[in-house]
Amino acid sequence: MSSTAFAASATLLRLNCEAKHQARLFPDFLRRGRSKISLFASSQRKRSQFVIASSASGGNGGVAEISEAETAPQFYSWPDEKKPRVCILGGGFGGLYTALRLESLVWPDDKKPQVLLVDQSEHFVFKPMLYELLSGEVDAWEIAPRFSDLLANTNVLFIQDKVKLLYPSDHLGMNGPAKSSVGGSVLLESGLLIEYDWLVLSLGAEPKLDVVPGALEFALPFSTLEDARKVDLRLRELERRKFSKESLIRVVVVGCGYAGVELAATVSERLQDRGVVQAINVENTICPNAPLGNREAATKVLSSRKVELLLGYFVRCIRQVVDTEASEKPAKSIGVEHDYGKYILELQPTEKGLQSQTIEADLVLWTVGSKSLLPHLEPGNRRSALPLNGRGQAETDETLRVNGHPRIFAVGDSSALRESNGRLLPATAQVAFQQADFAGWNLWAAINNRPLLPFRFQNLGEMITLGRNDAAISPSFIEGLTLDGPLGHTARKLAYLIRLPTDEHRLKVGISWLTKSAIDSVASLQSTLTKVISNS
């Protein structure tokens, strides 16, 4: 659909909002139990399915299947025309926790908003614990529960779909007499058009792989549940194929920030003496912005696991060399995509005194750079385009409202908010947690005509995982203190357990982790007793 066509549709929708959406093409989906909505469309159309979860649809969430019409958008039907409508784009830390915060607040009966969460994935992902999927320490359901399960006992609605186009109208009247009665509209890829009163942008970011030739084709990122599964699948394939000391698995991690170091530590622990891990960083140190205690603990662990650090280098290009001998072997496993190629990375030094290098790898993991998803949205009207910085993040004031758009809030990777010293806030889970809390409160204040609170980030400290029983924590409230090793590992897991969404999910995960810990303790005791008996 062209921007002009969408603008016309959104304008028509706005003019008819007082007529209770007479152009609505499907009935209200909030019926008891499971409901199915069919939208009439042209013969040439795509199929798109999304989930709507809410306790209002029988406690377990309703499921709606919608046909996408490419000729015209289909209007989303809110359950109540009189109550405020809050649409949250993106179900990461910022988006999901904002929705849960809105649910927890006390509202006047006539002003409690209808909250709709939109995300292209079926699962929420607790990203700081993706590394534990590779080590086998956690199960996928523990750190990546379904949105429908998390929201089943709430009034928050959920749609699984991808955002295509944003048409804000809250800029009207900013410099003139005109005034819009709604906040704007959002078009999804399925063809569904959502009108909102308030909008929260929390679309997150994606890996930036297009900066180095060959990275997009041959390197694997590690930022989503799908990424973690692909990396695990590739490692399993390499572990099956290369099981002797004469044929080591060579893994290269590009980037030595927190993500790169955590990945290098996890993979090196998993491979042990069956592989070699190399980590590349542009700077001459790892985790340059981390507290000293975390950096020293990470350096010690990487050294003990013989991870080779190539500091002061950047990757010039990546190319593939086909391993003809391995590719001639028949595939023995079903459902695994075989790729028997090796990769050559050309490294260029960033400092004098270092020589260019060429290294070989069976697997290249990319952790450098990210880009906001906001610029991917096609603007419905250039005059209403969001103010974005060079990183594609929305410029906001201190209350997290987007500049020039009083009905749009931005959190997490979608927000470009600066600290008092002028530096942009880091795109971390800790920042998104805190912003979600403020965004929820400020939405309450805006809807109830109360003063909004300025956001102030409180740095509680930093954590890094270094393996199955190893981590480092540097809390900000005790200067110079770092908990590492098993103690740091336990403290980190407890901190993240507290941060998991919903009390019900925390309870389930807590029981699961306690059970696993008990089983591991018994197994360790049995192993110790066996060694003692055999040596006696």
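Modeller: Buried here means under 20% relative accessible area. Keep in mind that the model is predicted. Phe 433 comes out at 8% relative accessibility, so Phe 433 counts as buried. Phe 126 is at 0%, and therefore counts as buried too.

Now the rings themselves. Ring centres within 6.5 Å make a pair. That rule gives 16 aromatic pairs. Phe 126 and Phe 433 form one of them, with 6.3 Å between centres and 40 degrees between planes. Planes under 30 degrees apart would be stacked and over 60 edge-to-face, so this pair is tilted. The two partners come from distant parts of the chain, 307 residues apart. Phe 126 sits in the loop between strand 5 (114-119) and helix 3 (131-135), while Phe 433 belongs to helix 11 (residues 429-447). Both are members of a cluster linked by ring pairs, whose other members include Phe 93, Tyr 97, Phe 124 and Tyr 496.

Some rings face a charge instead. Arg 407 lies over the face of Trp 198, 4.9 Å from the ring centre. Over Trp 513 sits the charged end of Lys 493, at 4.2 Å from the ring centre.

Lys 493 and Trp 513 are among the residues closest to the centre of the second largest pocket, as are Glu 137, His 489 and Ser 517. Its volume is about 480 Å³. Helix 13 gives the most to its lining, 7 residues. Helix 12 (485-499) supplies at least two. By class, the lining has 7 polar, 5 charged and 4 nonpolar residues.

Terms used:
Residues are numbered from 1 along each chain as its sequence is written. This is a predicted model: local features need pLDDT of at least 70, side-chain atom pairs count only at pLDDT 80 or more; totals for chains, interfaces and linings use all residues. Side-chain values use heavy atoms; hydrogens and water are left out. Rings of Phe, Tyr and Trp (its six-membered ring) pair if their centres lie within 6.5 Å; planes under 30 degrees apart count as stacked, over 60 as edge-to-face and the rest as tilted. Helices (H or I, at least four residues) and strands (E, at least two) are DSSP runs, numbered from the N terminus. Buried means under 20% relative accessible area, exposed over 50%, partly exposed in between (1.4 Å probe, protein chains only). A charge sits over a ring if NZ of Lys or CZ of Arg is within 6 Å of the ring centre and within 35 degrees of the ring normal. On a 1 Å grid over the protein atoms alone, a cavity is a set of points where a 1.4 Å probe fits but cannot get out, and a pocket is an open set with protein on both sides within 12 Å along at least five of seven lines; lining residues have an atom within 4 Å of a point. Grid points are joined across faces, edges and corners, and a volume is the space filled by probe spheres set on the points. Ala, Val, Leu, Ile, Met, Phe, Trp, Tyr, Cys and Pro count as nonpolar, Asp, Glu, Lys and Arg as charged, and the others, Gly among them, as polar.
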